[in-house]
Amino acid sequence: MCYNNLNCRKSLPALSLSMERISLLMEKASEIAASLLSWYDRCARSMPWRGINNPYYTWVSEAMLQQTRVETVLFYYDRFIARFPAISDLAAADESDVLKMWEGLGYYSRARNLHRGARQVMEEYEGILPRNPDLLRKIHGIGPYTAGAIASIAYQVPVPAVDGNVIRVLSRLYGIRESVQQPSVRKNLDLLAAGLVPLDRPGDYNQAVMDLGATVCVSGTPDCGRCPLSSFCDAFACGDASDLPVLPKSKPPKTEYWTVPVIRCRESLLLRLRKETLLQGLWCFPMLSCQAEEATTYLEKKTGLVCHPSGSAAPARHVFTHRIWEMTVLPLLTEDQLPMPGEERWIPYRELSSLAFPTAMNKALLVAAQLFGVEKSFPAGKL
Ligand code: SF4
């Protein structure tokens with residue numbers, strides 16, 4: 001069914017949803033929730049953090065799932081929980097250990113925030129996450145979505161958890177054809193989301209919307225034929241689901257060019273603990289903004305290190321969400337492990353696997369191993 005006149009609406013300029021219209025739509029709320037829960041009972045995806053009612057597990061899983069697919073998270077989640085089975089274990093850990101357990105998952109600020117939040121929960125809440133979403137939001141790294149997820153899933157508090165998946169489902173369900181990034185539209189979406197959450201089984205309901213958005217009401221072309229909400233859905237009736245939600249055009253990622261010297265001295269490599277926001281606290285090779293041909297001169301001038309190339313340079317590439325690193329990997333040898341003036345350190349091969357090493361640098365290391373001709377003895381690929 002179409003809540004508005006389809007033929008007229010498509011030519012209308014963007015209109016804010018009125019409170020009147022929201023009320024009208026909310027009359028369907030209990031039917032929508034019931035249909036969704038019935039579908040969830042049949043089709044819920046099995047995940048290790050489900051059905052446990054442990055707010056810490058919900059928190060860890062939701063932190064990992066931000067920007068990351070469930071299939072990827074499964075391995076990391078099990079390993080993380082095995083290493084830090086309770087908030088107290090996480091709070092007591094060194095940040096380097098936490099980052100190591102996060103290695104390869106990306107978006108490392110999530111791990112740092114989780115760690116800081118765990119310490120805050122130990123100090124302020126005796127190690128127990130509060131059930132009140134407003135209090136949850138005051139914990140480091142917990143935003144409105146995660147607060148809603150923890151409160152509803154672990155404590156059965158009837159509050160929504162609105163993320164990109166939920167916004168997509170709701171904008172189609174209710175035919176919201178305005179930019180969902182407009183504050184007024186987003187406010188209406190939050191109202192609609194809150195009005196749909198049932199008092200009974202709010203956690204299952206929120207997880208059902210997440211599953212629907214991830215498996216059926218996907219971005220691009222949704223699989224409306226399998227959707228339990230198709231009889232309620234405005235976009236399905238109007239035939240424009242693949243155009244929704246309306247999002248502003250995203251900026252193309254910025255490309256950065258780096259010369260990455262991989263410097264060997266006997267059985268050690270020169271690495272630097274990053275201080276920059278991106279990949280902060282992880283170990284990286286030195287990254288130089290000069291050309292590869294100028295790298296040895298630059299290094300000698302800055303550090304006194306005398307290096308010579310061991311083969312020619314080769315490219316490696318890593319794509320982050322908003323930037324791309326185009327790296328020229330330069331294999332260099334040096335005779336002396338001079339102490340470095342900055343944050344660089346000589347790290348023996350045998351210690352590399354215990355350090356948090358980002359995927360971008362593992363790519364550079366793999367290239368360097370080939371350039372050095374030491375694929376078998378080099379630690380590349382084992383990090
Ligand atoms: S009917 Fe289609 S567009 Fe509407 S909620 Fe279901 S999958 Fe999404």
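This report describes a helix pair, the surroundings of a ligand and one further helix in a predicted model.

## Helices H4 and H10

Helix H4, which covers residues 55-65, packs against helix H10, residues 144-155, at an angle of about 145°, and the axes of the two helices lie 9 Å apart. The crossing in which H4 passes H10 is right-handed.

On the H4 side, the contact is made by Pro 55, Thr 58, Trp 59 and Glu 62, which meet Thr 146, Ala 149, Ile 150, Ile 153, Ala 154 and Tyr 155 of H10. Sorted by class, the residues of this contact between H4 and H10 are seven nonpolar, two polar and one charged.

## Around the ligand

The ligand has 14 residues around it, and those that come nearest are Cys 217, Cys 224, Cys 227, Cys 233 and Ala 241. The shell around the ligand consists of 12 nonpolar residues, one polar and one charged.

Two helices, H11 (164-173) and H14 (234-238), each supply at least two residues of this shell, and H11 gives the most, with three residues.

## Helix H17

After H17 comes Gly 373, which has a positive phi near 70°.

The buried residues in H17 are Ala 360, Met 361, Ala 364, Leu 365, Val 367, Ala 368, Ala 369 and Leu 371. Among the elements that cover these buried residues of H17 are strands S1 (254-265), S3 (283-284), S5 (314-319) and S6 (323-334).

How values were computed: Residues are numbered from 1 along each chain as its sequence is written. This is a predicted model: local features need pLDDT of at least 70, side-chain atom pairs count only at pLDDT 80 or more; totals for chains, interfaces and linings use all residues. Axes are lines fitted to C-alpha atoms, for helices over the stretch in contact, and angles run from 0 to 180 degrees between N-to-C directions. Helices (H or I, at least four residues) and strands (E, at least two) are DSSP runs, numbered from the N terminus. A crossing is left-handed if the near helix is turned anticlockwise from the far one by less than a right angle, and right-handed if clockwise. Two residues are in contact if their C-beta atoms, placed from the backbone, lie within 7 Å. Ala, Val, Leu, Ile, Met, Phe, Trp, Tyr, Cys and Pro count as nonpolar, Asp, Glu, Lys and Arg as charged, and the others, Gly among them, as polar. A residue is near a molecule or strand if its C-beta atom, placed from the backbone, lies within 6 Å of it. A residue is buried if 20 or more other C-beta atoms lie within 10 Å of its own, exposed if 12 or fewer, and partly exposed in between; C-beta atoms are placed from the backbone.
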